Amino acid sequence: MDYEAFFDDQLQVLRNEGRYRVFADLERKAGAFPKAKRYSDDGVGEVTVWCSNDYLGMGQSQPVLAAMHAALDECGAGAGGTRNISGTNHHHVLLERELADLHGKQAALLFTSGYVSNWAALGTLCARLPGCAVLSDAGNHASMIEGIRHSRAECHVFRHNDPEDLDRHLSRIDPDRPKLVAFESVYSMDGDISPIAELCDVADRHGAMTYLDEVHAVGLYGPRGGGIAEREGLMDRLTVIEGTLGKAYGVMGGYIAASEALCDYVRSFASGFIFTTALPPAVAAGACASVRHLKASQIERASHQERVARVRGRLNAMGIPVMDNPSHIIPVMVGDPHKCKMISDWLMDNHGIYVQPINYPTVPKGTERLRITPSPVHSDADIDRLVEALSEIWSHCALTRTAVAA
């Protein structure tokens, strides 16, 4: 077999479909973000980033940076091993305590990323609970799907955010079997929010555990940043709450928060935890500082919501097709992969605005979009430039379509 030819052919298929992804070579500017340097064949320029998951700009927060500098000087660069073999640093222990407290749980367990925490926790729980049946929301993230698939447990996919369909699926399962219902709070591409209370009601009636992914909500919602479940007073109804430290908290890592026994069980049996090097102590210290800060401060969350409302209102006023939702995610709907990439490239090349095109398999074919994520560090001038540039390119696309139709 000509392996290189096979790889090239498959990549060409992506290019022909408009789905080949090109990474922007960026250098974030601490203290000036969302501004970043862009490295390209034409040299070095400046761009404004509009698609970052550093939702609150905590990646450049002085308390976070100070904590990381201090831990780096105290502990060095790496953890030195897995958590089982010399890699458990006191900063990991402190961070797990903060996360358990954040979600009102007995314990928390750190992972190297949110993807790994979902894959390892779901994969372990669903595989090792004897005869476990998993109920998975149709909109769940790839990391949740992969964890469930890896477990080889029987899986039932219920309609997105549909408690009645969940109830129908659970009603067909032996009441004595272990069951786990897995869903998210804020869905990252459409920005919709799940009916957590109603899903918990159904799960409780059927004796099922509940597993909630809050990665796009922690830090952003609730009095202390505990997510949608905290905002709605539902944290005690969730068996497991999973989150990330790489989005609103601006650092890196993932975690679960649950009972002491469940966290200890996953710690003891999950290969994705046991066999990987622990997070660097400086990363854990920075994340801990971020979590502590956002437990006490409302400033960032309030400013974030104001910026989101301002951008959404301006785009709606301009007639830009924005998917309506109750969260901070602003999907600008394009519906064609080639056009989506063209708009993204045009914004970057002509206005220094970086919004990455989102296409299949991240979203279904025909729903390609630009996913805009305003933050407290975007200025009024940044918003003006974004709205004006999008209005300009949308008018151009509309005129092109008219000309072709004629």
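Asp8 sits in helix α1, which covers residues 3–16; helices are DSSP runs of H or I with at least four residues, strands are E runs of at least two, and both are numbered from the N terminus. This is a predicted model, where local features need pLDDT of at least 70, side-chain atom pairs count only at pLDDT 80 or more, and totals for chains, interfaces and linings use all residues. Residues are numbered from 1 along each chain as its sequence is written, and side-chain values use heavy atoms, without hydrogens and water.

**Overall build**
- The chain has 15 helices and 14 strands.
- Its C-alpha trace spans about 65 × 55 × 55 Å along the principal axes.
- Of the 406 residues, 53% are buried (buried is under 20% relative accessible area, exposed over 50%, partly exposed in between, with a 1.4 Å probe and protein chains only).

**Salt bridges**
- The count is 28 salt bridges, each a side-chain nitrogen of Lys or Arg within 4 Å of a carboxyl oxygen of Asp or Glu.
- Arg292 pairs with Glu98, with the closest N and O atoms 2.8 Å apart.
- That pair links helix α12 (residues 281–296) to helix α4 (residues 90–102), across 194 residues.
- Arg292 is partly exposed at 41% relative accessible area, whereas Glu98 is buried at 16%.
- Glu98 also forms a salt bridge with Lys295, at 2.6 Å between the closest N and O atoms.
- Glu98 in helix α4 and Lys295 in helix α12 are 197 residues apart.
- Lys295 is buried, at 11% relative accessible area.

**Another link**
- Arg310 and Asp380 meet in a salt bridge of 3.4 Å, N to O.
- Arg310 lies in helix α13 (residues 299–318) and Asp380 in helix α15 (residues 380–405), 70 residues apart.
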